[in-house]
Amino acid sequence: MPANDLIQPDGAKGASVVIVGGGVTGLSAAWWLARAGVDVRVIEKGLVGWEASGRNGGGCSHHHSPLFAEEQRLWPLMDEMLGHPTEFQPNRVRIALNEKQLALYSRAVVNARHQGFRIDEIDARQVRELVPLAGDNVFAGHYYHFGGHANPHRTVQAYAWALQNLGGTVMQHTAVTGFAVEAGRVVAVETDKGRFGCDHLVLAAGPQTGRLAAMLGVDIPLKVARAEMIVTEALPLMPLGGVDGNGLYGRQTLRGNLAYGGGPHEWVETEDVPGGARPATPLMQNIAKRVAELLPLAGHAKIIRSWAGLIENTPDGRPVIDRPEGWDNLTVATLSGVGFGLSPASGRAIQQLVTDGECSFADLSTLRLKRFAHLEPDWAALQGWQSMAMAS
């Protein structure tokens, strides 16, 4: 795609591709586009990675996604490709504390093996050898010879720095207020910092994606939830930092901290929570209890901080990556809470949709918007999704 060096009437410089959203999906897409020689600008209303992109468990294993194979191929290469550290660590252990959990986790085993990935069944003794913080309550587990985890904060930084190294630009603290449209094409993004022309627009703004798409008449069914994580004081490093189970996701950091989340969400209205502080809630007590059950020898560890970030959720829990019908130069991407791990592959897929009109390495048909064509208007209520205000 040729670079666009448009200067708008108000003096604001445009770009060939403007990406709205400075989370991990938008930054990855921008980096891949810049690698392809495209002039790209990212517009972010706050700081890059300030929501869930920098506040998650760092997991890199999404066997349910059509992007899974590419995700697994790319993660071990990302530090070298980006030129900045992500702290990626391979492999993972999932612990089952009872027979019911083992049966539930076995579904993922069948799916991953079907795609050619290796998983070993391990008994309680083997679990404790790999995970010294585990206790006598272990029932069994699985050792994943794929997947792994990375540091969300480091990864967001790596994408942003690598993008800038290639000449791409990032505008923080810039709120999008609207779009200029001519003949079925988006020609500019209107912001509180000026007008930015574009040849192609990518909406990858996490919880705000649905609201922004609606400005263009594109319906993306989303509900937004606040996901919380806890971080403990540093503990002795385990042989493998990627450990989950008991309904939790997370990792042990390279400093030794345990960072875990998982479980109930608080459903919120995005416009009521535009940014800023996310105070701790009783949810962190539930998370802490389950971490102590999963890793009893860490039960004495103090919680030193908690995180909360907003995540968007589609009705079926699957991402949307699509070029909506009726638009020649619009791509939308919302990853439904799994954006971090899929980011190397989703960014490349978005780049190819923009530059080539299709993805060469994965079938994205199940991620298209048309699957919601006959969605019930009250789909969220039917699934029991409601905000805390509505529930009280």
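In this predicted model, Val 24, Thr 25, Ser 28, Ala 29, Trp 32 and Leu 33 of helix α1 touch a run of α9 residues: Gly 339, Phe 340, Ser 343, Pro 344, Ser 346, Gly 347, Arg 348, Ile 350, Gln 351, Val 354 and Thr 355. Helix α1 also packs against α6, with Val 24, Leu 27, Ser 28, Ala 30, Trp 31 and Ala 34 on the α1 side of that contact. Here's a quick tour of both contacts, plus a look at the cavities.

**α1 with α9**
- Sorted by class, the contact residues come out as eight nonpolar, eight polar and one charged.
- The axes of α1 (residues 24-35) and α9 (residues 339-356) get within 7 Å of each other, crossing at roughly 45°.
- That angle makes the two helices oblique to each other, and the crossing is right-handed.

**α1 with α6**
- On the α6 side, the residues meeting α1 are Val 156, Tyr 159, Ala 160, Ala 162 and Leu 163.
- This contact counts ten nonpolar residues, one polar and no charged ones.
- The α1 axis comes within 9 Å of that of α6 (residues 152-165), and the two cross at roughly 30°.
- Since angles under 35 degrees count as roughly parallel, α1 and α6 fall in that group.
- Their crossing is left-handed.

**Cavities**
- There are two cavities of 30 Å³ or more in the structure.

Conventions:
Residues are numbered from 1 along each chain as its sequence is written. This is a predicted model: local features need pLDDT of at least 70, side-chain atom pairs count only at pLDDT 80 or more; totals for chains, interfaces and linings use all residues. Side-chain values use heavy atoms; hydrogens and water are left out. Axes are lines fitted to C-alpha atoms, for helices over the stretch in contact, and angles run from 0 to 180 degrees between N-to-C directions. Helices (H or I, at least four residues) and strands (E, at least two) are DSSP runs, numbered from the N terminus. Angles under 35 degrees count as roughly parallel, over 145 as roughly antiparallel, 65 to 115 as roughly perpendicular and the rest as oblique. A crossing is left-handed if the near helix is turned anticlockwise from the far one by less than a right angle, and right-handed if clockwise. Contact means heavy atoms within 4.5 Å. Ala, Val, Leu, Ile, Met, Phe, Trp, Tyr, Cys and Pro count as nonpolar, Asp, Glu, Lys and Arg as charged, and the others, Gly among them, as polar. On a 1 Å grid over the protein atoms alone, a cavity is a set of points where a 1.4 Å probe fits but cannot get out, and a pocket is an open set with protein on both sides within 12 Å along at least five of seven lines; lining residues have an atom within 4 Å of a point. Grid points are joined across faces, edges and corners, and a volume is the space filled by probe spheres set on the points.
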